[in-house]
Amino acid sequence: MIYDKIFKQKERGELIDLLSNRSTMNFSAKSALLDIVQTDEFFKEKYPDEIDELKSEIDYEESSIASFDYLKYLGFRISQIGDTIKVTRLSRFYLVDLMGVLIGALLAGVAYFGLAEWKILFTVGISIGPLVISLVTAIIALIGVILVARCLS
Amino acid sequence: MEYSGFEIVRNSSGLMIKKRNDILVESVLVKDSSLELVETEKDLSLVYHNENGVPVTIIRTTGGLKVRKTLVHLKNLLSKA
């Protein structure tokens, strides 16, 4: 873990600062900090309350993980009735997917306006105006196709 | 985050995954043993192996530790239920 490496390189004074600012740290950093301070006799003697608080903060987040509170960040919800467990997609994520498909399709449709310019390029010859317009419309259309593909993947 | 599973239902009949197949939606009955977590440097994916043994991603995340641990809990819950 990246935080383990970072914290192992820190001076004791820096670790004390981190311990007192633990509330601003993320879960991975808190876990890595706890691993270090709870095995160091200096911290165990001087900062037992801070270590206990850090432990309880981590325990709280662990219990939230166990009760699937963070499943919403994956776009799902879970329900358990009897021996049936059901994991379903959150409706607002359906909406995001739908919007992505619609916007992607609109962007892809821009290619239509570039067709005439491509025709000019291949019949009349290369000139700056049609070349720029055809390339820009092609790039916008490509972005649209990628967006649709990502929303449907 | 990517996904292909819309709905995962685990009951006495087994594990049923309603998933997207291109733009169509299909329901697949999945063996418990075929459910697996695949971790790379970038992401963690919950996958099942189809009848041809090909891994099919149900949920994929590039998120942090809390989200990854949640996916591990979910896999364990769906496997052991």
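Contact here means heavy atoms within 4.5 Å. I worked from a predicted model.

**Entry: Thr70(B)**

I looked up where Thr70(B) sits, and found it in helix α1 of chain B, which covers residues 65-80. Is Thr70(B) buried or exposed? Its relative accessibility is 0%. I noted it as buried, because the cut-off for that word is under 20%.

Next I listed what Thr70(B) touches in chain A. The residues are Ile65(A), Phe68(A), Tyr70(A) and Leu71(A), with residues up to four places away in sequence left out of the search.

**Entry: the interface of chain B and chain A**

How many residues of chain B are in contact with chain A? I recorded 27 residues of chain B, in contact with 30 residues of chain A. The two chains bury about 2600 Å² between them, and carbon and sulfur atoms account for 67% of that area.

**Entry: polar and charged pairs**

I looked for salt bridges between chain B and chain A and wrote down a count of two. One of them joins Lys66(B) to Glu61(A), where the closest N and O atoms are 3.1 Å apart. For polar contacts across the interface, I have four residue pairs, with both residues at pLDDT 80 or more.

**Entry: the side of chain B that touches chain A**

I checked which elements build this side. β1 (2-3), β2 (5-11), β7 (55-61) and α1 of chain B each supply at least two residues. Which element gives the most? I found that α1(B) does, with ten residues. Sorted by class, this side of chain B has 14 nonpolar, six polar and seven charged residues.

Definitions and conventions
Residues are numbered from 1 along each chain as its sequence is written. Chains are lettered from A and ligands numbered from 1 in the order in which they are written. This is a predicted model: local features need pLDDT of at least 70, side-chain atom pairs count only at pLDDT 80 or more; totals for chains, interfaces and linings use all residues. Side-chain values use heavy atoms; hydrogens and water are left out. Helices (H or I, at least four residues) and strands (E, at least two) are DSSP runs, numbered from the N terminus. Buried means under 20% relative accessible area, exposed over 50%, partly exposed in between (1.4 Å probe, protein chains only). Buried area is the accessible area (1.4 Å probe) that two parts lose on being put together, summed over both. A salt bridge is a side-chain nitrogen of Lys or Arg within 4 Å of a carboxyl oxygen of Asp or Glu. A polar contact is a pair of N or O atoms within 3.5 Å; within protein, one must be able to donate a hydrogen and the other to accept it, and residues adjacent in sequence count only if both atoms are side-chain atoms. Ala, Val, Leu, Ile, Met, Phe, Trp, Tyr, Cys and Pro count as nonpolar, Asp, Glu, Lys and Arg as charged, and the others, Gly among them, as polar.
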